[in-house]
Amino acid sequence: VFANVARAPEDPILGVTVAYNKDPSPVKLNLGVGAYRTEEGKPLVLNVVRKAEQLLVNDRSRVKEYLPIVGVADFNKLSANLILGADSPAIQGNLVTTVQCLSGTGSLRVGAEFLARHYYERTIYIPNPTWGNHTKVFTLAGLTVKTYRYYDPVTRGLNIQGLLEDLGSAPTGAIVLLHACAHNPTGVDPTLQQWEQIRQMIRSKSLLPFFDSAYQGFASGSLDGDAQSVRMFVGDGSECFIAQSYAKNMGLYGERVGALSIVCRTADVASRVESQLKLVIRPMYSNPPIHGASIVATILKDRNLYHEWTLELKAMADRIITMRKHLFDALCARGTPGDWSHIIKQIGMFTFTGLNRKQVTFMTKEYHIYMTSDGRISMAGLSSRTVPHLADAIHAAITT
Ligand code: PMP
């Protein structure tokens, strides 16, 4: 009965790893997926995560019962504090409902499903370009996806004029997806002044901001600094959606830990919204897993562990910045034609190299370097040892 099922294409991002795994070359390099690697090229489990896990294992009172539909209560509260600030008037006034979801993707999806059921405007504007999964998450939840201008390939910076024009001509009430910091794939973020312009446009048109926060801690050097965009919007007292992921900043990729927060105008609305979120979640996966959220809650509620986390997070972010410098220097040393300063200017895990599809294919074929076809490379996957190989490949792709 399934004889006519067509073969689906590989996922554009995760498919890169599938191709990489099949390559027998000893020099192969996977810069596709945004996952942190050490200088030795190995995945990293944070020390603080190991400590938290040990504490959890030693606690014999812990059981494996089902969690409530909305997840670990502590985790939800602490996650809202992390992104909004514990002193946020929205938190103090109980205007925020937070539910534990399956990492960033699950948080986006639960938010999207809620909007499709309970919000009058079904159009969501996402930046062009954006993380490849956004279109699918929102479309499959029943929303209509449109794009707003974001990246200017000529300046390799933000097209703020185009962005404001596109949001200005969006229908009243339209949803707007914003990357809280470290925009994926471009590494280009608005300045605080530009965020303020974006906020004013969004509020004046009664648009609904939906923040995707997958890289808190990787952009400005501090967790609070990276939450400034979100806090600016929440500070004005209007509604706001936030999807948080702990995949990158705690290295909990496979544990699937995230949270959806919805900031409402009154505490009563917030509690009604939460009651509806439960109806969204229950038939999808009933309730979320315990382990990852317990790790996060253990770290966030303990002063010392929290401090240790911030240091380990900073070390990851700093290593990525060092890789940017190494790669830039290596291209300069080779005299690779073109201006490569965007490699050191861009923010977060990725460099949007400007390499085209043909050049990417060349680098994969000749140098066994794997990346997404839009020329995005994960700087977190590089090390001092592998930078020369990448620089050779870029140089050859540009000059042949
Ligand atoms: N949003 C963005 C912008 C991302 O880059 C990612 C991870 N690549 C996610 C959301 C979600 O990731 P996860 O579901 O693993 O938390």
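1. Start at His368, which sits in the loop between α14 (357-367) and β12 (369-370). Helices here are DSSP runs of H or I with at least four residues, strands are E runs of at least two, and both are numbered from the N terminus. His368 isn't a glycine, yet its phi is positive, about 60°. His368 counts as partly exposed because it has 18 C-beta neighbours inside 10 Å. The cut-offs: 20 or more other C-beta atoms within 10 Å of a residue's own make it buried, 12 or fewer make it exposed, and in between it is partly exposed, with C-beta atoms placed from the backbone.

2. Some ground rules before going on. This is a predicted model, in which local features need pLDDT of at least 70 and side-chain atom pairs count only at pLDDT 80 or more, while totals for chains, interfaces and linings use all residues. Residue numbers run from 1 along each chain as its sequence is written.

3. Asn94 is another non-glycine with a positive phi, about 55°. Look for Asn94 in the loop between α4 (89-92) and β2 (96-102). Asn94 is partly exposed, since 13 other C-beta atoms lie within 10 Å. For background, most residues other than glycine have a negative phi, and most peptide bonds are trans.

4. The bond joining Asn128 and Pro129 is cis, with omega about 0°, and Pro129 is in the loop between β3 (123-128) and α6 (133-140). The bond from Asn184 to Pro185 is cis too, with omega near 15°; Pro185 is in the loop between β7 (175-179) and α8 (192-204).

5. Now helix α2 (residues 47-58). Its twelve residues reach 17 Å from first C-alpha to last, close to the 16 Å expected at 1.5 Å a residue; the expected span is 1.5 Å times one less than the number of residues. Val48, Val49 and Ala52 are buried in α2. They cover an arc of only 100° around the axis, so they are on the same side of α2; the arc is that of the directions from the helix axis to the C-beta atoms. On the other side of α2, Arg50, Gln54, Val57 and Asn58 are exposed. The buried residues of α2 pack against α11 (291-301) and α12 (303-334), where contact means C-beta atoms, placed from the backbone, within 7 Å.

6. Helix α3 (residues 73-84) includes Ala73, which is partly exposed because it has 14 C-beta neighbours inside 10 Å. Buried residues of α3 include Phe75, Leu78, Leu82 and Ile83. After α3 comes Gly85, with a positive phi near 90°.

7. On domains, the assignment gives domain 1 (14-44 + 318-399) and domain 2 (66-301); such bounds come from an automatic or database assignment. The domain centres, taken over C-alpha atoms, are 29 Å apart.

8. Last, the ligand. Of the 13 residues around it, Ser103, Gly104, Thr105, Ala214 and Ser245 come nearest; a residue is near if its C-beta atom, placed from the backbone, lies within 6 Å of the molecule. Helix α5 (residues 103-118) gives the most to this shell, with three residues.

Definitions and conventions: Two residues are in contact if their C-beta atoms, placed from the backbone, lie within 7 Å.
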